[in-house]
Amino acid sequence: ASDFYKFLKCDFSDLCDKIVESLCSKRKNQLVLRSLAEGEPPTVDSDKINDELDLRIASVLQSTGHCYEGGFWTDFVKHDVSDGKRHVAIVTTASLPWMTGTAVNPLFRAAYLAKSAKQKVTLLVPWLCRSDQELVYPNNLTFSSPEEQENYIRNWLEERTGFKADFKISFYPGKFSKERRSIIPAGDTSQFIPSKDADICILEEPEHLNWYHHGKRWTNKFNHVVGIVHTNYLEYIKREKNGALQAFLVKHINNWVTRAYCHKVLRLSAATQDLPKSVICNVHGVNPKFLKIGEKVAEERELGQQAFSKEAYFLGKMVWAKGYKELIDLLAKHKNDLDGFKLDVYGNGEDAHEVQSTAKRLNLNLNFLKGRDHADDSLHGYKIFINPSVSDVLCTATAEALAMGKFVVCADHPSNEFFRSFPNCLTYKSSEDFVAKVKEALANEPQPLTPEQIYNLSWEAATQRFVEYSELDRVLNNRHNPAKVGSKIIAKSSSLPNLSEIVDGGLAFAHYCLTGNELLRLCTGAIPGTRDYDKQHCKDLHLLPPQVENPIYG
């Protein structure tokens, strides 16, 4: 109030100078707070302040002076390229030691993008409070600090890749939903990428990350935003009560948020819903450990040794939606046709008791065993991997089995399209065809993988495909020659935004307004209190309370 009173006493000719001075003072304070939070000395470079002012002026000039391409949430402090490197931020919905695809694959992506040393990489993963860790992480494994979990993640990764990956790991607050068996972000996830690093963003599961996102629009904060769709949510939802109605609503919400928050969307296979701005490409590879197992198997066979001493197995989380329903239906229908065929099943999960009881009641020749890592020595000797699941987008276990030189018997389904080019992948179109493929695999030996097939399964090839299909190569090479002011890259400006950009901006604004209403959030299934992070997150991640970080006036 006193500052405002001083403004009123000023001459009108000095008003603009006072406003500019006030704005610069505010930005200086923000920079000091950010540097303190990151453990840096509290210094302020006056050139950076000038760059921000130059940034606005240059943008307006570039757009002929009457329109700036930005929005309500636009962050004017753009990525610092003083060292000549771009920055890639990868944001995902899960983290090790939870062995799920959205924890493992983004981790490998970060490692192999950083390996090229052409760009800096940050992996942003959810931090769970102790109570949620106990629900999610296996073997009663918990962490008392983010640093402890980061050490675990890095050690796990180095054991499997054989190299030390140079990238940063950061954490954002998350809460675990028991009903959805997934982690929901708490607060504005985008704020955990500093503005100076806000250049290129990869959203792993963009629909999941943005269902309840109430914060800055990703495409305003970052120069290029790529979404990667991992999960066939509609397939899972259809199996629930009132599934058809829920799937209809979720389908349109997914379209809404991906259009509003992404420049480009990659779908791992055609098994996912068709989203705006999307293309289909498998941008995942397999853990190098599995390729080494495959090489060892090939060497043993060349020496005339028996590489496979066991017949067939299935491995997967023991929930009906992960292929167990299809497996039991197939084996029950053709029990006589597959007389003497025994299948070992590895897995843990919520439906374990029900699955095993059903198999026992139908007198199926299934041997149930506890879940284990697919690279476990006990699994090397199997010749055939059976995978009847049709809920996957791209089954990681199928890729791993092929990498180990095994036969894979799987459904003729869009999720398996990538694997059809491998001679050891035997796809079936009917239950009778399933029996025929199983018998074919039992009677023959798998073909050794060629160097080209091995490369196509690797993370090196997956990274190359990702860079190409996400248009990251164009962005990294600056083919559009983004304008620079000092050491900053400024967002492109245009005098007349096209209709599509106006619609996308309107969708983002509408989503922001709706997700700010706690009642609407709860009605659509959000976890109570996830619009902001809580006190425990503040303590664990050393954050300012939400009411201090984002004060509400009036």
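Author: What follows is a run of questions and answers on this predicted model.

Reader: How many helices and strands does the chain have?

Author: The secondary structure comes to 22 helices and 16 strands. Of the 554 residues, 50% count as buried.

Reader: And what share of the contacts with a separation of 6 or more is between residues 24 or more positions apart?

Author: Such pairs account for 70% of those contacts.

Reader: Let's take H6. What span should its residues give?

Author: H6 runs over residues 146-161, and at 1.5 Å a residue its 16 residues should span 22 Å. The end C-alpha atoms are 22 Å apart, which agrees.

Reader: Which of its residues are buried?

Author: In H6, the buried ones are Pro-146, Gln-149, Glu-150, Ile-153, Trp-156, Leu-157, Arg-160 and Thr-161. Seen down the axis of H6, they fall within an arc of 130 degrees, so they line one face of the helix.

Reader: Why would a face show up as that kind of spacing in sequence?

Author: An α-helix has 3.6 residues a turn, so residues three or four places apart point the same way.

Reader: What covers the buried residues of H6?

Author: The cover includes helix H4 (101-115), strand S2 (119-127), strand S3 (168-177), helix H11 (288-302) and H21. Just after H6 comes Gly-162, with a positive phi of about 85 degrees.

Reader: You mentioned H21. Where does His-537 lie?

Author: His-537 is in H21, which covers residues 535-541.

Reader: Buried or exposed?

Author: His-537 counts as buried because its relative accessibility is 0%. Apart from neighbours within four places in sequence, His-537 is in contact with Trp-127, Cys-129, Pro-173, Gly-174, Lys-175, Ala-186, His-542 and Leu-543.

Reader: Back to H11. Which residues are buried there?

Author: Pro-288, Phe-290, Leu-291, Ile-293, Gly-294 and Val-297 are the buried residues of H11. Their cover includes H4, H6, helix H14 (396-403) and helix H16 (451-457).

Reader: What does its span come to?

Author: The 15 residues of H11 should span 21 Å at 1.5 Å a residue, and the end C-alpha atoms are 21 Å apart, which agrees. H11 is followed by Gly-304, whose phi is positive, near 85 degrees.

Reader: New topic: H10 and H19. What is the angle between them?

Author: H10 (residues 243-261) and H19 (residues 499-515) pack at about 115 degrees, with their axes 8 Å apart. Their crossing is left-handed.

Reader: Which residues meet there?

Author: From H10, Trp-256, Val-257, Arg-259, Ala-260 and Tyr-261 meet Ser-500, Val-503, Asp-504, Leu-507, Ala-508, Ala-510, His-511, Tyr-512 and Leu-514 of H19. The residues of this contact divide into ten nonpolar, two polar and two charged.

Reader: And which residues of H19 are buried?

Author: In H19, Asp-504, Ala-508, His-511 and Thr-515 are buried. Seen down the axis of H19, they fall within an arc of 65 degrees, so they line one face of the helix. What covers them includes helix H7 (206-210), H10 and helix H20 (518-523).

Reader: What is on the face turned away?

Author: That face of H19 carries the exposed residues Leu-499 and Ile-502.

Reader: Last one. Where is Thr-450?

Author: Thr-450 lies in the loop between helix H15 (431-443) and H16. Thr-450 counts as partly exposed because its relative accessibility is 36%. The C-alpha atoms of Thr-450 and Phe-422 are separated by 9.7 Å, with the two residues 28 apart along the chain.

Note on methods: Residues numbered from 1 in each chain as written. Predicted model: local features only at pLDDT ≥ 70, side-chain atom pairs only at ≥ 80, totals over all residues. Heavy atoms only, no water. Helix = DSSP H or I, 4+ residues; strand = E, 2+ residues; numbered from the N terminus. Buried < 20%, exposed > 50% of the residue type's maximum accessible area, 1.4 Å probe, protein only. Contact = heavy atoms within 4.5 Å. Axes fitted to C-alpha atoms, helices over the stretch in contact; angles between N-to-C directions. Left-handed = near helix turned anticlockwise from the far one by under 90°. Nonpolar A, V, L, I, M, F, W, Y, C, P; charged D, E, K, R; others polar. Expected span 1.5 Å × (residues − 1). Arc of directions from axis to C-beta.
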